[in-house]
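Hello,

I am passing on the structure below, with some notes on what was found in it. Please read the notes with the model open.

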Amino acid sequence: KKDESTTSTDSTTKAVPKSQEGAAETPKQKLLSIIGNMKVEVTSKKKFQQLKTQEIKKQATDNLEGLDSGSGVLQKASADIQRSKPLNPELVEAAAAVASSLPHGKEQTESELLAQLRRHEETTDKQRRGGTINIRNVISEMAIKRQSPAQRGVRISSRISLQMDEDGQRMKPGGLSSHSLDSRRSLKAGRRLNIFAKATPETESALKTVSSPTIWDLEFAKEIAAVTEQPPRNGFEEMIQWTKEGILWEFPIDNEAGMDDDAEFHEHIFLEKHLKDFPKQGPIRHFMELVICGLSKNPYLSVKQKIEHIEWFQKYFEEKKEFLQEI
Amino acid sequence: AAVCWLAFRQVLPSPWASQARSYFVDWRMLRDVKRRKLAYEYADQRLRINAVRKNTILPRELQEVADKEIAALPRDSCPVRIRNRCVLTSRPRGVKRRWRLSRIVFRHFADHAQMSGIQRAMW
């Protein structure tokens with residue numbers, strides 16, 4: 001616990017001049033500094049102190065007051081804490097009871113609960129006055145992180161790097177730590193921060209009619225595909241490539257692969273309806289009935305092909321009609 | 001004459017084949033390829049006309065007319081003229097149908113262990 005307190009004091013001393021720098025520059029810088037501060041492990045009490053300093057900084061800039069020295073700000077912060085509205089005695093008693101009911105760490109839990117209550121009061125006051133900082137909500141939502149001693153050095157160094165970087169672009173260690181943070185907690189958990197404006201839905205693209213791709217588009221797409229494709233790294237990728245090309249069959253074996261016959265069985269077998277245009281008596285009808293019998297037994301042709309056969313015969317006999325009538 | 005100096009390279013675009021072969025081993029193989037293509041094109045027509053010809057129900061005059069019609073089709077369109085040649089050497093005889101290779105080529109590949117599932121017989 002002592003280590004934590006020392007590091008937290010270090011962080012506060014570092015945080016305050018940092019906050020001074022941040023407040024003096026663009027609000028983006030302020031944001032960055034706040035986020036940098038959030039990474040440092042602090043108890044709830046220290047965080048509250050930081051919050052107070054941020055608040056005071058903002059008030060100072062709003063009122064166009066000159067920035068005091070770090071010590072002066074700290075004094076102000078402590079004075080402000082003392083001047084804060086005293087909590088409801090009932091709430092204090094309740095907090096004490098809850099803390100006593102919990103198994104261990106009574107004092108710490110009590111102090112944390114009281115800090116939480118104080119924060120609630122502060123937020124309500126702010127809302128009444130109007131113009132709450134959204135970042136306050138952000139910080140209140142943040143859970144207290146436990147930091148391993150090995151990562152502390154990295155964190156502090158990352159914060160220092162954030163200080164040095166003035167363009168607002170994250171340098172490598174900052175980026176790495178952000179990745180590690182994200183991996184532990186999902187990106188979309190927690191309340192929306194409303195830092196970025198919502199992306200406007202693109203209705204225009206939906207209204208645009210998709211024109212048929214030109215030859216140049218197709219060529220371009222082919223070129224990209226040819227450039228980006230890599231030789232297969234292992235046998236599995238080779239087999240995938242072969243399956244896509246069609247060299248390898250898909251497993252489990254699909255007996256109807258490549259067969260797009262959508263017609264039902266009755267369309268294959270009952271072909272008499274195509275014989276409407278033929279004469280109902282005579283050798284031709286006899287012949288066509290045999291043809292239909294043969295076609296119905298053929299599993300290899302599609303319905304279209306069978307209909308084509310029958311239509312060809314129809315045409316053929318129509319052409320030969322005059323010849324047949326001579327006989 | 002104009003065809004002779006063209007060497008063996010022929011551009012025969014085949015819409016159905018994914019592998020477009022433009023070099024053939026010799027002219028006989030080329031002619032065989034042409035015959036196969038024509039036979040494919042006229043296969044349905046030949047089948048239908050033959051159905052008219054080879055039956056006892058339709059009048060004989062009609063069948064004679066169908067005879068003349070089928071004779072009028074191009075000579076290379078009949079499937080009987082196709083010869084199963086070796087794919088690599090264009091050898092007309094000694095070709096195993098499963099591999100489409102002549103016996104000499106087959107033996108060559110089998111001995112070099114390039115034929116899948118082929119082993120020298122020993123019993």
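At 16% relative accessibility, A:Gln314 counts as buried (under 20% relative accessible area; exposed is over 50%, partly exposed in between, with a 1.4 Å probe and protein chains only). This is a predicted model, in which local features need pLDDT of at least 70 and side-chain atom pairs count only at pLDDT 80 or more, while totals for chains, interfaces and linings use all residues. Residues are numbered from 1 along each chain as its sequence is written, chains are lettered from A and ligands numbered from 1 in the order in which they are written, and side-chain values use heavy atoms, without hydrogens and water.

A:Gln314 sits in helix H15 of chain A (helices are DSSP runs of H or I, at least four residues, numbered from the N terminus). Its side chain makes a polar contact with the side chain of A:Asp277, at 2.8 Å (a pair of N or O atoms within 3.5 Å; within protein, one must be able to donate a hydrogen and the other to accept it, and residues adjacent in sequence count only if both atoms are side-chain atoms).

Over all chains there are seven aromatic pairs (ring centres of Phe, Tyr or the six-membered ring of Trp within 6.5 Å; planes under 30 degrees apart are stacked, over 60 edge-to-face, the rest tilted). The rings of A:Phe287 and A:Phe317 are edge-to-face, because their centres are 5.9 Å apart and their planes at 85°. A:Phe287 lies in helix H14 and A:Phe317 in helix H15 of chain A, so this pair ties together parts 30 residues apart in sequence.

Regards

Definitions and conventions:
Helix = DSSP H or I, 4+ residues; strand = E, 2+ residues; numbered from the N terminus.
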